[in-house]
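Subject: Structure handover and notes

Hello,

Here is the structure I said I would pass on. My notes on it follow below.

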Amino acid sequence: MNEVKIYILDCGFLSDSAVFDEQLKNATARRREKINRLKFDSDKRLELGADILFRRALGEYAKAAEKTNGYGKPYIEGCRLDYSISHSGSFAMLAVSENKVGCDIQKIDGNERHGVAKKFFTQSENRLIESGKLDFFRLWTLKESYIKMLGTGLKTPLDSFEVELNNGSAHISGCAVKEYFSVPGYAVSVCSDENAIFKFIKE
């Protein structure tokens, strides 16, 4: 059975400059360079938070050089684990599995996205949004996590597959879907293969 571990970290504690600097010393070289290139402190905290989760979940593998496939999905050569990283607002998220996995977290800002929904979602999905059965941010994270699982980026159009609801639970054909509603103000979704067992770890 495929176990998927989902880590979520509130990066607010990194607002303390001394804590940030101490954590940055331990960051992987690749992410430390990326963090130093970022302009905004909020983005730096999220990237560092993702690195903290990355090091905790992957252990010694986290020290190895990351590569990316032809569509930009990162991986570590020789590592038997697949992983996916996302961050939004003040939270960083990481999903790890022995099989393909994708995750996404989005802060719900309350703004309508009807134009985006019409452009990128299927007619059935738009009907779910219009009926109030599914909101934009929830659907967006489901779509994003599925594409991240595939590792194909936007080569897979968002309207080429469909999210369905069954008694309020989301389903996507060909994979297991897990949503988390325990992070107030955020939509959180994870996709992996059909026999997945999901384990949620909030740091």
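Two residues are in contact here when they have heavy atoms within 4.5 Å of each other. By that rule K133 touches L128, R138 and L165, leaving out residues up to four places away in sequence. Please keep in mind that this is a predicted model.

Loop residues

K133 sits in the loop that links α5 (123–131) to α6 (136–150). Its relative accessibility is 58%, so K133 counts as exposed.

T156 is in another loop, the one between α6 and β7 (163–166). Is T156 buried or exposed? Its relative accessible area is 14%, and T156 is therefore buried. The side chain of T156 makes a polar contact of 2.5 Å with the side chain of T152. Apart from residues up to four places away in sequence, T156 touches I147, L150 and F161.

N167 belongs to the loop between β7 and β8 (169–172). Most residues other than glycine have a negative phi. N167 is not a glycine, yet its phi is positive, at about 55 degrees. With 77% relative accessibility, N167 counts as exposed.

Helix packing

Two packed helices are described by the angle between their axes and the distance between the axes. For helix α1 (residues 17–26) and helix α2 (residues 29–37), the angle is about 140 degrees and the axes are 8 Å apart. α1 is therefore oblique to α2. On the α1 side the contact is made by F20, L24 and K25, and on the α2 side by R32, I35 and N36. Sorted by class, the contact of α1 with α2 has three nonpolar residues, one polar residue and two charged residues.

Helix α2 also packs on helix α3 (residues 41–58), where the axes come within 9 Å and cross at roughly 170 degrees. An angle over 145 degrees counts as roughly antiparallel, and so α2 and α3 are roughly antiparallel to each other. R31, K34 and I35 of α2 make this contact with K44, E47, L48, D51 and F54 of α3. By class, the contact of α2 with α3 has three nonpolar, no polar and five charged residues.

The relative accessible area of D41 is 52%, so D41 is exposed. D41 and G78 are 37 residues apart along the chain, and their C-alpha atoms are separated by 34 Å.

Cysteines

A disulfide is a covalent bond between the sulfur atoms of two cysteines. How many disulfides does the model have? The count is zero, with sulfur atoms within 2.5 Å as the cut-off.

For C11, the closest cysteine sulfur is that of C103, and at 13 Å it is too far for a bond. C11 has 2% relative accessibility and so counts as buried. For C191, the closest cysteine sulfur is that of C175, at 4.0 Å, which is also too far for a bond. C191 counts as buried too, because its relative accessibility is 0%.

S189

S189 lies in strand β10 (residues 186–192). At 0% relative accessibility, S189 counts as buried. Which side chain makes a polar contact with the side chain of S189? It is that of T141, at 2.8 Å. Leaving aside neighbours within four places in sequence, the residues in contact with S189 are M93, G102, C103, D104, R138, T141, L142, S145, K178 and E179. Two names in that list come up elsewhere in these notes: R138 is touched by K133 as well, and C103 carries the closest cysteine sulfur to that of C11.

Regards

Conventions. Residues are numbered from 1 along each chain as its sequence is written. This is a predicted model: local features need pLDDT of at least 70, side-chain atom pairs count only at pLDDT 80 or more; totals for chains, interfaces and linings use all residues. Side-chain values use heavy atoms; hydrogens and water are left out. Axes are lines fitted to C-alpha atoms, for helices over the stretch in contact, and angles run from 0 to 180 degrees between N-to-C directions. Helices (H or I, at least four residues) and strands (E, at least two) are DSSP runs, numbered from the N terminus. Angles under 35 degrees count as roughly parallel, over 145 as roughly antiparallel, 65 to 115 as roughly perpendicular and the rest as oblique. Ala, Val, Leu, Ile, Met, Phe, Trp, Tyr, Cys and Pro count as nonpolar, Asp, Glu, Lys and Arg as charged, and the others, Gly among them, as polar. Buried means under 20% relative accessible area, exposed over 50%, partly exposed in between (1.4 Å probe, protein chains only). A polar contact is a pair of N or O atoms within 3.5 Å; within protein, one must be able to donate a hydrogen and the other to accept it, and residues adjacent in sequence count only if both atoms are side-chain atoms.
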